[in-house]
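Try each task yourself before you read its solution.

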Amino acid sequence: MSTLADIQGAGLGLKRELIPQFQQFYQDPHIANIQFVEIAPENWLGVGGKALHDLTWFAERYPMVCHGLCLSLGGPDPLNIDFLKQVKSFLSHYQIPLYTEHLSYCSDIQHGEAGYLYDLLPIPFTEEAVHYVAQRIRQTQDILGQRIAVENTSFYAACPISSMDEITFLNAVLTEADCWLHLDINNIYVNSVNFGFDAHAFLQQIPGERIVYSHIAGHYQETPNLLIDTHGKDVIDPVWALLDEAYRLFGTFPTLLERDSNIPPLPDLVKEIDTIAAYQNRYGLLPIAKATPLQATLVAV
Amino acid sequence: MAALPAFQQYQLAFTAHIRDPKVHAKPAGVANQRMAVYRHAIFNNFFNIVSACFPVCQQVLGVRAWKKLIRRYVAAHAAKTPVFREIPESFVACLASMEDVPANIKALAHYEWVELAVSHLPASNLPLSVQHDLLDEIPLLAPHQLLAYDYAVHNISRQFIPRDITPTYLLVFRDPHFAVQFIELNAVTFRLLSILSKQTFTGRQALTILAEELGQTDAQVIIQFGTGILHDLLTQQALLGSTTSNANAT
């Protein structure tokens, strides 16, 4: 049975293209630093045939994290309870201890009908939105019977009706929802460029005790002040520096490399996993260092 | 009904513009360059997911018409599924509701989607017998869909676009190596497999039912003929073997 404590060290987002290589290099010391994998339930719920065969292969060999894309925590349509229940039984079936989602929305209402857009859209940072999203996170946690982690998301368009900045919004939601934080290091950097703020100042305001999990990735520079979170290139130095600082400030936490396009062969890709492990070793490997007080209260959920 | 909070009004304006920028202006005060990131990302995402499932439709219609169709889909259709694999199914449903899309294209799109659907069908959990007694045990079908179309959808290409109605029967199934295959059937074999797909009749029972339906007084003729067909289907791995368990038994 996997527990949250099994999610530690460095991990890699599981892409279909990588599966044959994972199987080829399984137990090869070169990929030993890949200690867990992450999947999106939206890619794997209800699969059959080859995909089911592959999913079972991974579930038997790696601790897994579920990182959702379509729960639409900030969406204007009602929370998809039916979907959430499917996620719940998926988590339980594959003994996946952690489910995380984005602080964003991906659905709307079209001619009175709820519909998905399948992308991460910016929630306006307003007081009303804080309460709305926090309530939906609580509802999610109630249905799942477990705490979730919510990820700071990359955005491209500033919302003119926002009444606070991103870090204020993020912290207000985390506090009101009493959920964990899934800290995306690259997203801090991307947003700091896209909206002109200091990434390190943002990081220093993060409530470290809520971090259970993190992401790191590369991005695409469309213009000097517009970065697109493609997960299609190597991680750049300023993003590594942010990860290093996060570990220094908050202690280490499990960190996953996201690579969604332009994927190098696994033996090359693993070098970035090794880099994550090296940063972690610098500070001593303390899995989910600051999460203990929150874990203790989870029993009551 | 109470008015929506300002942040939700903004969200709906934001997505309405993304879905159909020609009809809905972007929300006031949002930089166009930044809005464009979302317009492009979302359209391209839909385009890539849908196009991957319908290579022949795309080829037959040509890229321009294909893009237009996907634009209409994004603009008008409320996709209901959070599961990415099911997006192509929602596209097929949307296409089916478009009056100006020809019936042969609708049928082709459905057929292309079936390949994806069959690749994910659950496997049967009925136990296979040691011997393959297709006649006196229940023939076990591989995960499959039995399909009847008005057009020879499996032959459609840029060079061959059937306009006349030709009743077409197909068995699409997943072989033990997870590859999706198809077999063209005649009307009688289609009917036989429809009877067998309930997984409750032995080969002999199914062929006897078929003989009655065909008005054939000597069922033995049909049984003999049908046994050959069942063995062919076994060779092609559309049948996995036979079972003594009835799918309806609890």
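**Exercise 1: Chain B as a whole**

Buried residues make up 32% of the 250 residues in chain B, where buried takes 20 or more other C-beta atoms within 10 Å of a residue's own, exposed means 12 or fewer, partly exposed lies in between, and C-beta atoms are placed from the backbone. Before going on, note that this is a predicted model, in which local features need pLDDT of at least 70, side-chain atom pairs count only at pLDDT 80 or more, and totals for chains, interfaces and linings use all residues. Residues are numbered from 1 along each chain as its sequence is written, while chains are lettered from A and ligands numbered from 1 in the order in which they are written.

Task: work out what chain B is built from, and why it counts as more spread out than a compact globule.

Solution, step by step:

- Start with the elements: chain B has nine helices and five strands, taken as DSSP runs numbered from the N terminus (helices are H or I, at least four residues; strands are E, at least two).
- Read them off from the N terminus and you get α-α-α-α-α-α-β-β-β-β-α-α-α-β.
- Now the spread: chain B has a radius of gyration of 24 Å, well over the 18 Å from the globule rule for 250 residues, so it is more spread out than a compact globule. The radius is taken over C-alpha atoms, and the rule is 2.2 Å times the number of residues to the power 0.38.
- The box along the principal axes, filled by the C-alpha atoms of chain B, is roughly 80 × 45 × 40 Å.
- Look at the domains too: domain 1 covers 6-101 and domain 2 covers 138-243 of chain B, with bounds from an automatic or database domain assignment. Their centres, over C-alpha atoms, are 37 Å apart.

**Exercise 2: The sheet in chain B**

Task: find the strand order of the open sheet in chain B, and say which strands sit at its edges.

Solution, step by step:

- Three strands of chain B make an open, antiparallel sheet in the order 2-3-4; strands pair if DSSP finds at least two bridges between them.
- The edges are strand 2 (144-149) and strand 4 of chain B, each pairing on one side only.
- From one strand to the next, the twist averages 20° (axes are lines fitted to C-alpha atoms, for helices over the stretch in contact, and angles run from 0 to 180 degrees between N-to-C directions).
- Strands 2 and 3 of chain B share six bridges, and B:Leu147 has B:Leu170 as its bridge partner.
- Helix 6 (residues 103-119) of chain B packs on this sheet and touches strands 2, 3 and 4, pointing at about 175° to strand 2 of chain B. Contact here means C-beta atoms, placed from the backbone, within 7 Å.
- Six bridges also join strand 3 (residues 168-174) to strand 4 (residues 180-185) of chain B. These two form a hairpin with five residues between them, and B:Phe178 in the turn has a positive phi of about 70°.

**Exercise 3: One alanine**

Solution, step by step:

- Locate B:Ala238 first: it is in the loop between helix 9 (219-235) and strand 5 (239-243) of chain B.
- Count neighbours: 23 other C-beta atoms lie within 10 Å, so B:Ala238 is buried.
- Leaving out residues up to four places away in sequence, the residues B:Ala238 touches include B:Leu171 and B:Ile183.
- For a contrast, B:Lys22 is 216 residues from B:Ala238 in sequence and 49 Å away in space, C-alpha to C-alpha.

**Exercise 4: Chain A and the contact**

Task: describe the barrel of chain A, then the side of chain B that touches chain A.

Solution, step by step:

- Chain A contains eleven helices and twelve strands. Eight of the strands close into a parallel barrel, in the order 1-2-3-4-7-8-9-12.
- With 301 residues, a compact globule would have a radius of gyration near 19 Å, and the 18 Å of chain A agrees.
- At the contact, chain B gives 35 residues and chain A gives 35 residues. Helix 1 of chain B brings the largest share of the chain B side, nine residues.
- That side of chain B divides into 24 nonpolar, eight polar and three charged residues. Ala, Val, Leu, Ile, Met, Phe, Trp, Tyr, Cys and Pro count as nonpolar, Asp, Glu, Lys and Arg as charged, and the others, Gly among them, as polar.

Terms used. Two residues are in contact if their C-beta atoms, placed from the backbone, lie within 7 Å.
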